[in-house]
Amino acid sequence: MSWIQKLYETYEQCASRRDSLDSGALLEPICHTSQQAHIEVSLDDNGRFLRAHVIPKGQGVTLVPCTEASVGRAGSKPVNHPLCDKLQYLAGDFIKYGGVVTSGFAGEPAEPHKIYLSLLSAWANSSFAHPKIIAIQTYVQDGNLVGDLVREKILPINEDEQLLAEWAGDKKEAPAIFGIMPNGNPPDGAVIRWRVETPGEPLPETWKDQSLIDAWIGFYTSQKDNKGLCLVTGDSLSLAEQHPSKLRHGADKAKFISSNDTSGFTFRGRFIDADQACGVGFEVTQKAHNALRWLIDSKRKQAYRNGDQAIVAWTVSGKRIPAPTDNSFELFGVETDGPDTRQLQQVRQGDAGQAFGRRLAMLLAGYRAELGSTNEVMVMGLDSATPGRMAMTYYRELDHTEFLDRIEAWHRDYAWHQNYSKDIKFVGAPAPRDIAEAAFRRLDENLRKATVERLLPCIIDSQKIPRDLVESTVRRASNRVGLEYWEWEKYLGIACALFSGYHKERGYQMALELNRTSRDYLYGRLLAIAESIEKFALDMTKESRDTSAAKLMQRFADHPNSTWRNIELSLIPYKSRLRSRAPGFLYARERQLDEVTCLFQGDDFMDERKLSGEFLLGYHCQRQALRTKPETEQDENIEATVAETN
């Protein structure tokens with residue numbers, strides 16, 4: 001239960017901080033939940049109706065009081081919230097206007113309203129009463145909510161004074177309520193929120209009134225009498241009867257802790273009741289789940305989200321830390337055209353890796369200074385196999401120094417030149433989601449989630465990356481057929497990063513290693529030089545098509561020696577063209593081909609064995625080296641050639 005204890009401590013330390021408001025994500029108080037409201041009703045302090053209006057899209061998320069039962073309600077077990085909810089609970093004249101009550105109520109049609117009014121009245125008549133609650137209770141007792149909304153032209157009715165379920169006329173003339181109801185639901189399912197305007201009171205919104213929020217917390221907790229041992233704190237507390245859901249989004253029904261199966265073997269056989277199996281204090285579980293909901297909220301941009309999967313790293317103090325699922329570009333948070341990014345792209349020879357390492361060390365040194373010496377880091381992975389059950393797929397607790405060391409090791413060991421698009425080029429490590437895409441390209445959500453889960457221990461636990469992922473990315477980068485150019489460039493950088501990191505003991509560099517004489521590396525260099533010759537000749541005549549090296553890359557990886565002979569023969573007409581138009585360029589490339597060929601040892605050049613991913617490193621580094629200086633020379637040669645032809 002250490003995970004729930006850490007979340008509880010996180011809530012206690014972060015509840016008073018305001019950064020949640022700055023990011024748009026709310027660290028909710030206990031006994032409250034967020035609800036999407038559709039209609040806002042304003043009353044005076046005596047409970048008289050003033051006005052109402054439809055809430056525009058994007059402004060309806062409302063903090064509302066709730067009970068354990070209401071926050072975890074399902075369609076088959078409807079339970080109302082105590083203050084803001086659907087019309088069937090709040091409106092005494094709901095049935096009169098033809099409203100349809102949700103199935104699940106065994107009594108008369110007006111039962112939902114009676115249950116709502118009973119709870120609201122109990123609150124209003126208690127020692128935790130609030131003036132706004134008394135005003136709302138007075139109004140609700142009159143039972144005219146739907147009638148007032150009809151008069152305000154919020155809810156449309158037909159000739160029989162029955163609520164319209166859909167609009168049959170011109171959509172441009174449709175009432176605003178039809179435009180904000182989700183999934184085309186009828187207006188009788190609209191959620192109401194309250195405003196109470198009191199003279200001299202600057203805050204009429206009930207969902208923003210802290211005194212009202214505290215009043216409901218005091219009233220509801222005073223009703224709890226289920227005392228028992230809390231397994232998190234070790235104290236005797238009021239135990240939770242139900243544990244919260246809605247962790248990942250408003251419609252999320254999956255729960256971490258559930259014991260509603262009283263007829264099966266969830267706890268029966270060892271324990272008499274569920275609390276003996278897992279007793280958690282009501283306040284503890286509320287705060288812990290609220291903290292987790294806050295941490296993985298997409299507005300905070302702290303957690304990795306992929307469908308039902310969520311991965312988040314945090315400290316109890318709430319201080320920002322690097323996300324383990326980010327690539328290096330996201331880790332640094334630089335702009336696409338920032339000076340640091342351009343500088344790393346332009347660094348030549350062996351300085352690229354060193355420059356990246358220095359930047360990485362400086363960034364993480366800043367995190368270390370901010371975190372201090374007492375912060376522990378938690379990393380949690382969530383997923384749900386079924387709609388009602390949440391699983392913790394990964395959990396680790398680490399000292400912040402150890403966590404940052406492992407993040408640094410991942411980004412350092414798997415760093416390479418990455419080319420994701422025209423605007424995103426960087427030196428660093430790819431993200432797990434990018435690796436999954438490079439390994440399998442068109443993959444479904446389950447395969448992506450499984451791959452990310454496999455890679456998480458490689459980052460957090462410093463485990464070696466699975467070999468099958470390395471080989472799969474190498475195969476994908478070697479087969480350019482069917483790939484867009486930008487896709488192949490992205491996969492090539494990822495494949496090089498994984499292979500060099502998997503074999504980090506070999507000490508591969510990001511720059512061209514002229515003294516590395518391994519067979520696979522040299523064959524990769526030959527392929528890059530051959531491609532450069534043909535590409536230069538095609539550019540001179542403004543032909544846009546793949547080179548022979550690009551077309552035969554997959555076959556070259558499987559049968560290097562025989563395929564190289566085919567590539568050499570295909571270069572003959574291009575060499576003839578260049579010999580008359582750009583002799584200096586051709587001479588330099590032929591000299592490079594001879595130099596590389598002479599570096600092969602023994603019978604390595606004639607060896608027909610399949611190439612490993614090392615040939616991609618040689619290819620990528622040789623290509624980078626050819627692009628650094630000769631670009632200007634190529635431009636001059638082209639201009640000279642054009643001048644001669646004219």
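Tutor: Start with a term: buried means under 20% relative accessible area, exposed over 50%, and partly exposed in between, with a 1.4 Å probe and protein chains only. This is a predicted model, where local features need pLDDT of at least 70, side-chain atom pairs count only at pLDDT 80 or more, and totals for chains, interfaces and linings use all residues. Residues are numbered from 1 along each chain as its sequence is written, and side-chain values use heavy atoms, with hydrogens and water left out.

Student: Is Phe178 buried or exposed?
Tutor: Apply the cut-off for buried, under 20%. Phe178 has 19% relative accessibility. Phe178 therefore counts as buried.

Student: Which kind of aromatic pair do Trp167 and Phe178 form?
Tutor: Rings of Phe, Tyr and Trp (its six-membered ring) pair if their centres lie within 6.5 Å; planes under 30 degrees apart count as stacked, over 60 as edge-to-face and the rest as tilted. Here the centres are 6.2 Å apart, with 50° between the planes. The pair is tilted.

Student: How many residues apart in sequence are the parts that this pair ties together?
Tutor: Helices (H or I, at least four residues) and strands (E, at least two) are DSSP runs, numbered from the N terminus. Trp167 lies in the loop between α7 (145-151) and α8 (176-180), whereas Phe178 is in helix α8. So the pair ties together parts that lie apart in sequence by 11 residues.

Student: What kind of pair do Phe600 and Phe605 make?
Tutor: Their ring centres are 5.1 Å apart. Their planes stand at 75°, so the pair is edge-to-face.

Student: Which ring does Arg193 lie over?
Tutor: A charge sits over a ring if NZ of Lys or CZ of Arg is within 6 Å of the ring centre and within 35 degrees of the ring normal. Arg193 lies 4.1 Å from a ring centre, over the face of Trp207.

Student: Which residues have the most contacts inside the largest nonpolar core?
Tutor: A nonpolar core is a set of buried Ala, Val, Leu, Ile, Met, Phe, Trp, Tyr and Cys residues joined through side-chain atoms within 4.5 Å. The largest one has 91 residues. Those with the most contacts inside it are Phe403, Ile465, Leu578 and Leu616.

Student: Which helix gives the most to this core?
Tutor: Its contribution is 13 residues, and it spans residues 519-540. It is helix α20.

Student: What does Ile465 touch, leaving aside its neighbours within four places in sequence?
Tutor: Contact means heavy atoms within 4.5 Å. By that rule Ile465 is in contact with Trp410, Tyr414, Leu455, Cys458, Val470, Leu498 and Tyr502.

Student: Which residues of helix α16 are buried, and what covers them?
Tutor: In α16 (residues 432-440), the buried ones are Pro432, Asp434, Ile435, Ala436, Ala438 and Ala439. Their cover includes α15 (400-413), α17 (445-460), α18 (467-478) and α19 (485-502).

Student: Which residue takes a positive phi just after α16?
Tutor: The phi there is about 55°. The residue is Arg441.

Student: How many disulfides does the rule give?
Tutor: The count by this rule is 0.

Key. Disulfide = S-S within 2.5 Å.
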